[in-house]
Structure formats: structure tokens, C-alpha cells
Amino acid sequence: MLFVNRQYRFKAPLFLDVMIIRMFASIFILALILLYIQWNLRPICNAIGIYIINSQKTLHTGEVIAFDIKGARAEYVYTWEFGDRQGSSGKQVYHTYHKPGTFLVSVTAGKCRWNKEVMIRPALSPVIPKIAEEIFPVIEGPATTYVGRATRYSNNTPQAKSWLWGLMDQPEAKYTQSNITLVFDNPGEQVLSLIVNNDSNHLVTKRILVLPMRPTAPDIKPVKQVEILPAPVNPPPKKSFIPITTEEFKYLLSQVANKTRKASDFQPYLCDPSINVIINGNESIDFNSFCHRIYGKRKLQIEQLNLNKDQNGCIREITIINNRKKVLGIF
């Protein structure tokens, strides 16, 4: 019998080689990913340090000092020790030293630790600022004038070094002297303001009532006397009164109700300060008492006002009619 020696070689299937290659490739990629994560999550101790946010070079007791971390990362927790048995946590912290000296500030994050020495000096003595002397400027000048009349207003505050005058109705008109002269073209109320030493906190105002222009009296030529007569006993000179219309007088009464005028401001128009005021035809009081009654009554409403004047033009009696239902309790 004839035997034939044959050698057989075992061959692995091709798909086994592909699986092994893929397994090793996956393990390699996974190792790279883990290495990358570990590299990025490691504490970078050399790239981080402590610095002080306070701008001043020297630090003192009692001050609030802000500490921060350069290159801090959000995934780490930073724990602080300030060298005076006090501590805190966070990226940016605040601390106050109550004793002077040199302190070691430490901060830890993971396996890293940073130190910084700070020198704390005693607190500076407080500087008490000099309190500036208060200035209360006053506008000096009449509260009533006439259209076309030159009227002077001034301020004599001793501490004043500069002045700025202005009119509310004429914002473009500005004056910078201590004394000014104004001429108004139209009747009505004007508000004059004054600022001294550029301090708007002490702005003062003055209300000025501008009345219509007074008619000029005609020129009377003196009569030449032929006979010399004995000098008669001259009667006391009559007081001159300022003419005023009913609307103007009613406007002045409204200013009394607004607390910007008082009874003494009406003397140039009254025959006597204690003239009678007849209210609704059944009540009579003197003018001073009437002004006292309406002072501060901002809801004052007068339906009808009559001024009883004498031959010289002064007011000797005032009649007022008002609606009691609208202004109950005013009079």
C-alpha cells in the first residue's frame, strides 16, 4: 500500500483579521480620548496666580480688599486662606484685615496651591473736609413795576463772586453782573432767577408783576400871580395811589391764595389798609382779615369783583361774589 505524506496548513478566515484590526483601532482611539480628557482636566498650577484688584499700591486696615485668580477655570473650586484665621471660597473673594502686619494669602484648587504675601498698614487718619460756608442769596428790587420803566435789581451777598441772572419767559437773556436793570415790554408776571457762584442748589427766584404803562400827566403851565396873597394853610399832602384794574387786582388776590403775596403788598392801591370787603352782600370784614382768610386757599375762585374807588383813584371798598357750592368753606 502506498501512503502519500501530505501536509495541511490551517488558514484563518479573512473576517477574523478585520475584527482584530477594528478592536485594536477602537482601543487606541478610546485611549486617545481618555488621554485628551485627562490632559484637559489636569490642574495647570503654573498658569494660575493670585492678584489684588485694588488699584492703590498700599493696603490698610479696615479696607475691603478684592482678591482674584489669574487663569481660573470654572471646573475647579478655589479655597482661600487669608493668614488671619479667616477663609473663603470662590474665584473672586473680598476680605478686610483689622490688624496691620504681613499675611500669607493662600489658595488651593485640586492638587495646586498658590501663595502671596500682603502687607497691611495701619488705617490712615480720616481727612475732615472743610465745610463750605452756606450762601443764601437774596434778590433786592421792587416786586411791582410798569411797562417801559427801567427797574434795577441787585444782589449784595458778601461771599458772592459770580452771578447769573435769567428770566423764565426769556431763556436767552442772561446777565452776569451783581446789579442789573430790566425794562419789560409787556404787562403780566415775570419770574427773575439768580444763581450765585455757579451753585444751582441755591437758585433763588423773584416774582415781578409788570403793570401796564402809566399815562403821562399833561404839562401844566404855571399861572403868573398878580397879587401877593397871604399863604393859605396847606392841607396835608394827599397820598398818591397807583391805578389798577379789576383783573389785575383779582390776579394779586390769587397770588395771596398761592402764598406769594400778602396784605401789605396792596397798600399802593388802597385808601386805607383796613377797608371793608363785602362778601356775597351779607358779610363784611376788613381787608387784612380777608387776606388772612384766603392765604393758602389755592382753590380760590372769585366770580365777580367790584372795586369802589374815590376821586383820587384809591380803592375804598371791595365787593366780592363767589359761588358757595364750588368753593364751600373758602370764605
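Two strands pair if DSSP finds at least two bridges between them; strands (E, at least two residues) and helices (H or I, at least four) are DSSP runs, numbered from the N terminus. This model is predicted: local features need pLDDT of at least 70, side-chain atom pairs pLDDT 80 or more, and totals for chains, interfaces and linings use all residues. Residues are numbered from 1 along each chain as its sequence is written, and side-chain values use heavy atoms, without hydrogens and water.

Q: What makes β16 and β19 a pair?
A: Four bridges join β16 to β19, and the two strands run parallel. In one of these, Asn276 has Glu317 of β19 as its partner.

Q: How many bridges join β18 to β19?
A: Six, with the strands antiparallel. Glu317 in β19 is also the bridge partner of Asn308. β18 and β19 form a hairpin with five residues between them, and Gly313 in the turn has a positive phi of about 95°.

Q: Why are Cys271 and Cys314 called a disulfide?
A: Their sulfur atoms are 1.7 Å apart, and the cut-off is within 2.5 Å. The structure holds one disulfide.

Q: Which parts does the pair tie together?
A: Cys271 lies in the loop between α2 (246-257) and β16 (276-279), and Cys314 in the loop between β18 (304-309) and β19 (315-321), so the parts tied together are 43 residues apart in sequence.

Q: Why is the disulfide of Cys271 and Cys314 called right-handed?
A: Because the torsion about its S-S bond is about 85°.

Q: Is Cys314 buried or exposed?
A: Its relative accessibility is 2%, so Cys314 counts as buried (under 20% relative accessible area; exposed is over 50%, partly exposed in between; 1.4 Å probe, protein chains only). At 29%, Cys271 counts as partly exposed.
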